[in-house]
Amino acid sequence: MLFAIHVDPATQGQGVGSALLADALGALAARGWRRAVLWVFAGNVHARRFYERGGWSCDGIERAGYIGPAKLAQLRYTHPLGPGI
């Protein structure tokens, strides 16, 4: 299970996050999982674009998430898995 990917802002755009995520997806696929799911804060446009570029799709499911006492909307993203992922 992967809970979060945090990359130093100075290294964003250099492929570090993409490599970490690709490794996680490959590990899930190797274990037989057919779909990966993650939650992202709706207002985090940078993260949403990152996931969408990586083949993730927002499926329209929402939930509330918290940063400290602040209640924020989260959106669910999914990614199909299979051989070669």
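Me: Which residue just after α2 takes a positive phi?
Reply: This is a predicted model, where local features need pLDDT of at least 70, side-chain atom pairs count only at pLDDT 80 or more, and totals for chains, interfaces and linings use all residues. Residues are numbered from 1 along each chain as its sequence is written, and side-chain values use heavy atoms, with hydrogens and water left out. Helices (H or I, at least four residues) and strands (E, at least two) are DSSP runs, numbered from the N terminus. Just past α2, the residue with a positive phi, about 95 degrees, is G55.

Me: Why do the buried residues of α2 lie on the same side of the helix?
Reply: The buried residues here are A47, F50 and Y51. An α-helix has 3.6 residues a turn, so residues three or four places apart point the same way. The arc is taken from the directions from the helix axis to the C-beta atoms. These residues share a side of α2 because they cover an arc of only 95 degrees.

Me: What covers those buried residues of α2?
Reply: Contact means heavy atoms within 4.5 Å. Leaving aside neighbours within four places in sequence, Y51 is in contact with L21, L38, V40, W56 and Y77. For the buried residues of α2, the cover includes α1 (16-30), β1 (35-41) and β3 (70-80).

Me: Which residue in β3 is the bridge partner of L38?
Reply: L38 is one of the residues that Y51 contacts. In β3, the bridge partner of L38 is Y77.

Me: And is T78 buried or exposed?
Reply: T78 is in strand β3. Not counting residues up to four places away in sequence, T78 touches R35, A36, V37, G55, W56, S57 and D59. At 14% relative accessibility, T78 counts as buried.

Technical notes:
Buried < 20%, exposed > 50% of the residue type's maximum accessible area, 1.4 Å probe, protein only. Pairing = 2+ DSSP bridges.
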